[in-house]
Amino acid sequence: MTPKRKWAIAGTAAIIAVFGWMLYGGLDKNVVFFLTPKELLAKGTKGYDVPVRLGGQVRPGSVKWNDQTLELRFALTDGSSEVAVHSKGTPPQMFRDGMGVVLEGRYGRDSVFDATSLMVKHSNEYRAPKAGEKPQEMYRTLIKGSGS
Amino acid sequence: MNGLIGHGALLISVAVIVLGIGAGVMAGRLRTQDWINAVYSAVYTNFALVTIATGAMVVALVTHDFSVSYVAQVGSRATPLFYTIISLWSALEGSILFWGWVLSLYAAVVVWTNRRRAGALVPWSATALLSVSLFFAILLIGPANPFHLVYPVPTDGPGPNPLLQNHILMAVHPPLLYLGYVGMTVPFAFAVGAMLSGEIGSNDWIKLTHRWTLLSWGFLSAAIIAGMWWSYEVLGWGGYWAWDPVENASFMPWLTATAFLHSAIMQERRGMLRLWNVNLVVGTFVLTILGTFLTRSGIISSVHAFTTGTIGYFFLAFIALVLVASLGLVAGNSDRLGSVGHLDSAASRETVFLLNNLFLTVFMFTVLVGTLFPLVAEAIRGVKVSVGEPFFNRMSLPVVIVLVFLMGVGPALPWGRASRDELRRKLVPPAAGTALLLAIALAAGMRNAYALAVVALAGYSIVANAREIVIGMQARHEAHGEAWGVALLKLAGGNRRRFGGYLAHIGVFAVAIGIAASSSMRSDREATLKPGESVTIAGRTLRLKSVWGREETQRSVVGATLEFVENGRVAAIIEPRMNFYPASQQPVPTPAVRSSLLGDVYVNLQAFRPDGSNVTVKVIYEPLVPWIWAGGLIVVLGAITSILPQRVRVAREADARQPATGARGALAGLHANVEAT
């Protein structure tokens, strides 16, 4: 083995080692846990201020939406525990009581989950809309309302 | 009826494939023309049969034949004809059928164009293609059968997923992706064929494989860009890339194929990296199957994933089979896979190609680890996790920066050994490009260090690549007295592969600059507006004119009309909408974009009051986004240039085989070199 070849192998090994180290550190810091409210609360103080994905249902009657400040507050429940949620920005158009949502954000020490993103959970398997949730109905009120 | 024809054709195709594989083994061993003809006939027959099956499905979709299970699943009488036809690939079974058809098409074209080639390479490769076809044919008569009979026959269906019938790019992105993805089977088949026929040591198979990889790579590049564009135009978040598992699935084979496009040249010219190249080809193919597994088994949740049952196990078994068979073949051919060439000097194009391969592979592994980690974590520790975008961005940015720089250094360096003087002449002047672009970026307000690094090094590499083209033109101009325009055309025609390479590089730089600028200098805001009120972003004022609703055949639409107000006048209007499809409770956002070379204003309708008294819009300003689409187009043009047939010049071939050295080599290499990159 020539000295040149040795250097080449050492260099390659060094690049791979640095990369492996970065990979480990990067994963360690950027893994986001997917939790339910119950699991989040069970974490105690370890649950504060780390990025998590929180999944659950919007508790009926808890939604407060201010369309001027664009602030949304509601309670997320998994049936046994519940977490207060605050989010800035518009909820999806069809956001409503009882629907399944996935939030991304951090649980603050003030016991409010500050969500940076809000996704409505829906599957690719279709089901017929129930009475009252048909988009057409909503749309018809719009046409009537705006008169156009 | 359609169901019977389609299913029948698929059943016969399984039999034809099995017979073809048997004939292929005989053809490979005995090498007699009768057996070879039998394999080729099986390939053509399979293409005809899968075409019949696919045609039957299209007819069933168009005629709303709801007795066919797939039509009952994705069809609807309200869907316009155009979206009805393309719903062929809007759900699992149809997409596997389409996959099988593209594969059978590739196999037929590969065999037809190489049918007169001597030796056992093509018969064995055809056998490998048939073997992969067998896997998809089994899926199509088993777990992904699109032709089940439905009884009682429904009168109407739900229509395709609303997201997939909302934009014209749905007709472009998936076929391109399949052409790219499935096309990676061809290099794999050639590698298998070369190993089975003992021709793995020849230069012939690597040249053939290089061309076919370029074709698939061109399709895959176009597909990835089209997918980014679709995501930008439809999903309403103003982004184009989210490191979604499915995006990663398309990106990983692209990375390894890109590495192969470079390392294959090393083998062609210097006889190096033989073992590595075989592994890259096999790896690229396995990554396409892995990607299909990830996206079609429902194992990873994603916007693209179709949910299903048992199909995942079939894919896992197939991946295992491919890996074991390939490793066995590689081990059996190890004596033929040694390097015959060696590195002359560290200051050479060879070194840059080696580094390029190293970093592209590292990049691929990063994406692979990030994509698979959630699966591993759930399997081992039972926790549900996701790997966030910050991981991918943080890991990939340094790699991207290095790669952008290497893309400039590589073309500037000669094969073999560069003298100190040559290094200085080649590597110093492009720094002017760095200075220029850096100054422009700083003046435009770019402050993010990573983005600045990407832009600065792209400046270097743009100059380095453009300079190679200019040097070549100059040489022709001086030697033959050709006008500059003629010289450019002759240069491009004379060595298409190399010229196409420069072009593709320049396209990648445009994409890199577009991504750097749009991700680091984006500004956005949300506002709730009453008609007549306005919102201002990046110096542009948008005024809400009206909120409206409209009934279309297959959907209901709610939209807002906003006006761009410049100097008190209305300069343009923009109409973001929400489309409501009967089958889904969720509206599909349809953002509107006002595009210019320097940047896009992107408006998405977030929410509206049902009485029309106000709407909430998200307004985003993103600089240089169109550069990404334009850069993608240039990359594709580069790939097309490289694939077009080369004019034949035999006389200079012998001379060109020698690695070019010194100043003479650099000029001659560009001027007359036939074999080079």
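**Reading strands, helices and cores**

Reply: Let us begin with a pair of residues that face each other across two strands: the bridge partner of B:Glu566 is B:Arg569, in S6(B). Please keep in mind that this is a predicted model.

Me: How many bridges join S5(B) to strand S6 of chain B, and in which sense do they run, parallel or antiparallel?

Reply: S5(B) and S6(B), the latter spanning residues 569–574, are joined by 5 bridges and run antiparallel. Between these two strands lie 2 residues, and the unit they form is a hairpin. In its turn, B:Asn567 has a positive phi of about 55 degrees.

Me: Which other strands of chain B should be read together with S5(B)?

Reply: In the present case, S5 of chain B (residues 556–566) pairs with S4 of chain B (residues 540–551) in the antiparallel sense, over 10 bridges. Within that pairing, B:Thr541 stands opposite B:Val565, and a hairpin of 4 residues joins S4(B) to S5(B). S5(B) is also joined by 4 bridges to strand S7 of chain B (residues 577–580), again in an antiparallel arrangement. There B:Val557 stands opposite B:Asn579.

Me: How is the packing of two helices to be described, and what are the values for H9(B) and H20(B)?

Reply: Two packed helices are described by the angle between their axes and the distance between the axes. For H9(B) and H20(B), the latter covering residues 625–643 of chain B, the axes come within 9 Å and cross at roughly 165 degrees. Because angles over 145 degrees count as roughly antiparallel, H9(B) is roughly antiparallel to H20(B). The contact involves residues of H9(B) including B:Leu214, B:Gly218, B:Ala222 and B:Trp229, and residues of H20(B) including B:Trp629, B:Gly632, B:Val636 and B:Ile640. The crossing of H9(B) past H20(B) is left-handed.

Me: Which residues touch the most other members of the largest nonpolar core?

Reply: In soluble globular proteins, nonpolar side chains tend to be buried together. Here the largest nonpolar core has 209 residues, and those touching the most other members are B:Val43, B:Ala107, B:Val404, B:Ala458, B:Ala512 and B:Ile513. Helix H9 of chain B (residues 203–234) supplies the largest share of this core, 17 residues. Once neighbours within four places in sequence are left aside, the contacts of B:Ala107 include B:Val43, B:Phe47 and B:Leu130. Another core, of 16 residues, lies apart from the largest one and has A:Leu40, A:Phe74, A:Val101 and A:Tyr107 among its members.

Me: What does the secondary structure of chain A come to, and what share of its residues is buried?

Reply: Chain A has 3 helices and 7 strands, in the order α-β-α-β-β-β-β-β-β-α from the N terminus. Of its 148 residues, 18% are buried. Among contacts in chain A between residues at least 6 apart in sequence, 45% join residues at least 24 apart.

Me: Is A:Val52 buried or exposed?

Reply: A residue counts as buried when 20 or more other C-beta atoms lie within 10 Å of its own. A:Val52 has 22 such atoms within 10 Å and is therefore buried. This residue is found in strand S2 of chain A (residues 51–58). Beyond its neighbours within four places in sequence, A:Val52 is in contact with A:Val32, A:Phe33, A:Leu35, A:Leu40 and A:Tyr107.

How values were computed:
Residues numbered from 1 in each chain as written. Chains lettered and ligands numbered in written order. Predicted model: local features only at pLDDT ≥ 70, side-chain atom pairs only at ≥ 80, totals over all residues. Core = buried A, V, L, I, M, F, W, Y, C linked by C-beta atoms within 7 Å. Buried ≥ 20, exposed ≤ 12 C-beta atoms within 10 Å, placed from the backbone. Contact = placed C-beta atoms within 7 Å. Pairing = 2+ DSSP bridges. Axes fitted to C-alpha atoms, helices over the stretch in contact; angles between N-to-C directions. Parallel < 35°, antiparallel > 145°, perpendicular 65-115°, else oblique. Left-handed = near helix turned anticlockwise from the far one by under 90°.
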